[in-house]
Amino acid sequence: MKKMVLMLLCCLLCAACTKPPVKDTVTRPAVGKVEPKPEYILYYHDYDNMDRGKREFTGKEVAVDPDYYKNKPLSRGDIVFFKNPEVHDSDLQLPEYSISRVVGLPGERVKVEEGQIYINGAKLETFYGGAHRGGGDLAELKRVLEKEGIPDNMRENIKNVVEAFTKMLVKERTLQADQVFLVGDDWIRSADSVLFGPVRVAGVVGKVLGYAEPPSVSADTKRMSREEALQAAKRLEPSPEAKWNAVQRMELFDIHGQRYARPVWTVTAVYPAGNKTVIRFDTFSGLQLSLGEMEPPGKEG
């Protein structure tokens with residue numbers, strides 16, 4: 001009788017320790033197309049952090065709905081357009097905005113260990129729940145290493161990726177009520193919550209609905225160079241005494257009632273008296289977005 005009780009207790013303990021995996025039966029890997037609307041933000045994504053082997057999102061313009069989450073909760077698997085948090089790591093240069101996938105929701109416990117995401121202690125068993133690089137997950141990459149005839153440089157590269165995945169560790173942490181955990185689909189190329197921690201829900205600008213069709217720009221669209229931006233600014237404000245500089249960053253702006261998120265050149269002219277002229281240009285169209293004057297420090301007002 002005692003043996004039966006002990007066996008029953010052991011079975012109950014094992015059942016309690018083995019949690020069923022967390023699944024996502026809604027999200028699909030394929031990316032759809034969406035007709036642009038004035039209320040959407042058209043964001044040009046010039047990076048490969050969401051690549052699953054078919055250059056998904058890389059060099060593509062996507063439609064972002066900034067109002068989507070006003071009446072709907074964030075869901076696991078959603079691809080969101082968000083404002084990157086400030087980081088104090090000088091080696092980690094983040095753009096102003098990016099896109100990534102929601103894997104952990106407010107109040108959940110999230111852990112990453114040996115290339116696998118765990119939610120509340122259970123394995124996240126989805127196409128985005130494990131480490132991924134250029135079309136292959138960790139198991140697929142390991143199988144490739146077992147094959148013969150692979151060039152040495154390719155084998156070494158895959159070996160390094162597998163080693164990086166197996167060593168990747170994010171200790172379990174509980175997300176606050178206003179936090180989500182974001183992970184890009186290509187774990188090697190992505191700068192996300194694995195590196196800089198959870199993102200505030202307030203930093204999520206909107207949901208990525210799909211590729212904008214037709215897009216306003218593409219990877220083949222000619223872009224304004226730094227020199228072209230400087231020359232355009234000097235034609236507007238010719239001054240041999242000014243010291244000129246141009247920097248490019250991702251910004252949100254409107255053109256003819258349509259909202260965009262894409263690179264903008266900000267050209268600054270600094271005059272001997274300390275006053276400045278600041279001119280902004282859309283990198284793709286070359287359109288002047290603004291021209292402003294700044295008084296030297298201590299003379300404002």
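This report walks through some strands, a nonpolar core and a pocket in a predicted model.

Let us start with a sheet. Strands of a sheet pair through backbone hydrogen bonds, either parallel or antiparallel. Here, 4 strands line up in the order β8-β7-β6-β11, forming an open sheet with antiparallel pairing. At the edges stand β8 (122–123) and β11 (169–174); each has a single partner strand, so one side of each is left without a neighbour in the sheet.

Now look at β6 and β7. Strand β6 (residues 109–113) and strand β7 (residues 116–119) run antiparallel and are joined by 4 bridges. To find one of these pairings on screen, pick lysine 111: its bridge partner in β7 is tyrosine 118.

## The largest nonpolar core

The largest nonpolar core is made of 22 residues. Val103, Ile117, Leu124, Phe165, Phe181 and Trp187 have the most contacts inside this core. At least two core residues come from each of β6, β7, α2 (138–145), α3 (152–167) and β12 (179–183). Of these, which gives the most to the core? The answer is α3, with 4 residues.

Setting aside its neighbours within four places in sequence, phenylalanine 165 is in contact with Glu114, Gly115, Ala131, His132, Arg133, Leu138, Leu141, Trp187 and Ile188. One of these, Trp187, is listed with phenylalanine 165 among the residues with the most contacts inside the core.

Is strand β3 (residues 60–65) largely enclosed or open? Of its 6 residues, 5 are buried, so β3 is largely enclosed by the rest of the structure.

Strand β3 pairs with strand β2 (residues 41–45) in the antiparallel sense, over 5 bridges. Within this pairing, leucine 42 has alanine 63 of β3 as its bridge partner. Strand β3 also runs antiparallel to β14, and 4 bridges join the two. There, valine 62 stands opposite tyrosine 211 of β14.

## The largest pocket

Strand β14 leads us to the last stop. The largest pocket has a volume of about 300 Å³. It is lined by 16 residues, and Arg28, Ala30, Ile79, Val208 and Leu209 are the closest to its centre.

Which strand gives the most to this lining? It is β14 (residues 204–212), with 4 residues. By type, the lining divides into 8 nonpolar, 4 polar and 4 charged residues.

Technical notes. Residues numbered from 1 in each chain as written. Predicted model: local features only at pLDDT ≥ 70, side-chain atom pairs only at ≥ 80, totals over all residues. Heavy atoms only, no water. Pairing = 2+ DSSP bridges. 1 Å grid on protein atoms, 1.4 Å probe; cavity = no way out; pocket = protein on both sides within 12 Å on 5 of 7 lines; lining within 4 Å. Points joined across faces, edges and corners; volume = space filled by probe spheres on them. Nonpolar A, V, L, I, M, F, W, Y, C, P; charged D, E, K, R; others polar. Core = buried A, V, L, I, M, F, W, Y, C linked by side-chain atoms within 4.5 Å. Buried < 20%, exposed > 50% of the residue type's maximum accessible area, 1.4 Å probe, protein only. Contact = heavy atoms within 4.5 Å.
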